[in-house]
Amino acid sequence: MPDPAISIQNLTKIYPIPFKRERLTAVDDLTLSVEPGQVYGLLGPNGSGKSTTMKILLGLVPATRGQTHIFGRDSSFVESREEVGYLPENPYFYKYLTGEETLHFYGKLCGLRGEPLRRRTRELLHLVGLEDAADRRLGGYSKGMLQRIGMAQALVQEPRLLVLDEPTAGVDPAGSRDIRDLILQFKTRGITVLLCSHLLGQVQEICDRVGILHKGKLVREGELEKLIAIENQTQLIFENASPELLARFEAEAAACGARLVEKSKPHATLERFFLEVTQ
Ligand SMILES: Nc1ncnc2c1ncn2[C@@H]1O[C@H](COP(=O)(O)OP(=O)(O)OP(=O)(O)O)[C@@H](O)[C@H]1O
Ligand SMILES: [Mg+2]
């Protein structure tokens, strides 16, 4: 069996509260693992410990207790993170650099030079839809554009694992659909993704597994389909069914002891409707 892409064991993070004797447990004995190639959604209310977990995994914050591994290597060692791309919660960039210069800068940090660096920069600007803004300084970028440049910098070194802390925060519906499609593309290329997001609709569309944190504790974890399936219900959607046919179905079902819970017309999603009228 290959090593899990991410393995977190009994992770606890306690922050002291300055000038008080109290302490805050941000992550409480968390154990979870993410298999290679999975898209894993870490969910939870504000302050439940999602970003802290990611930062510990990436060696940016020390754990109080517990271990974290990336592809089998202790993630407190820098080498374990060579193949990891990270989009932080509030990415900070040099505002006087242009989009292109920013990606050049991160590419150089990852050891790229010359033509490969220029090619990768162009590819990434295209991938995140910022070609037209490549020569503009980041100081003049909108929130969504900064988020896209953040996604691009996370991809510079073609990572095997991507850690995305709210990748669609502040991005409009079309942009956020693009990011969702990008994540699905990564998945087909076998890249593992750990993401946290409050957009549950999107999480549902792209994640294989989810874990739900509440006050630092993992309260639910598992395969998304299984977690949310309502075991004793079945949904049938007909096209062109006459009222008489539906009445017959209902009568037959009732005769067999099945109860009709809901009868309604399926709706397009608001997202699809929004995109239809704005594009
Ligand atoms: N550097 C820090 N010092 C002290 N407390 C911190 C620090 N970073 C986070 N915390 C606390 O740890 C808890 C978890 O924070 P964290 O940022 O991990 O939550 P989150 O799940 O990412 O929330 P959100 O959805 O708002 O991003 C919060 O109570 C937060 O106040
Ligand atoms: Mg957070």
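The model is predicted: local features need pLDDT of at least 70, side-chain atom pairs count only at pLDDT 80 or more, and totals for chains, interfaces and linings use all residues. Residues are numbered from 1 along each chain as its sequence is written, while chains are lettered from A and ligands numbered from 1 in the order in which they are written. Helices (H or I, at least four residues) and strands (E, at least two) are DSSP runs, numbered from the N terminus.

**Domains**

- The domain assignment gives domain 1 (6–228) and domain 2 (243–278). Such bounds come from an automatic or database domain assignment.
- The centres of domain 1 and domain 2, taken over C-alpha atoms, are separated by 38 Å.

**Four-stranded sheet**

- Four strands form an open sheet in the order E2-E1-E4-E5, with antiparallel pairing. Two strands pair if DSSP finds at least two bridges between them.
- E2 and strand E5 (73–74) are the edge strands, and each pairs on one side only.
- Strand E4 (residues 65–70) and E5 run antiparallel and are joined by two bridges. His69 has Asp74 of E5 as its bridge partner.
- H1 lies across strand E1 (6–16), E2 and E4, and runs at about 115° to E1. Angles run from 0 to 180 degrees between N-to-C directions; axes are lines fitted to C-alpha atoms, for helices over the stretch in contact. Two residues are in contact if their C-beta atoms, placed from the backbone, lie within 7 Å.

**Six-stranded sheet**

- A second open sheet has six strands in the order E6-E7-E8-E3-E9-E10, with mixed pairing.
- Strand E6 (84–87) and strand E10 (217–223) each have a single partner strand, so one side of each is left without a neighbour in the sheet.
- From one strand to the next, the twist averages 15°.
- Strand E3 (residues 39–43) and strand E9 (residues 209–214) run parallel, joined by four bridges. Gly41 has Val210 of E9 as its bridge partner. Tyr40 stands opposite Arg209 in E9.
- E9 and E10 run antiparallel, with six bridges between them. Val210 is bridged to Gly222 in E10.
- The hairpin of E9 and E10 has two residues between the strands, and Lys215 in the turn has a positive phi of about 50°.
- H1 also lies across E3, strand E7 (161–165), strand E8 (192–196) and E9, running at about 145° to E7.
- Helix H4 (residues 143–155) packs on this sheet and touches E6 and E7; the direction of H4 makes about 165° with that of E6.

**Helix pair H5 and H9**

- Helix H5 (residues 173–188) and helix H9 (residues 270–278) pack at an angle of about 115°, with axes 10 Å apart.
- Pro173, Ala174 and Arg177 of H5 make the contact with Glu271, Phe274, Leu275 and Thr278 of H9.
- These contact residues divide into four nonpolar, one polar and two charged. Ala, Val, Leu, Ile, Met, Phe, Trp, Tyr, Cys and Pro count as nonpolar; Asp, Glu, Lys and Arg as charged; and the others, Gly among them, as polar.

**Ligand 1**

- The residues around ligand 1 include Tyr15, Asn46, Lys50, Ser51, Thr52 and Glu89. A residue is near a molecule if its C-beta atom, placed from the backbone, lies within 6 Å of it.
- Strand E2 (23–34) and helix H1 (50–57) each supply at least two residues of the shell. H1 gives the most, with three residues.
- The shell divides into three nonpolar, seven polar and two charged residues.
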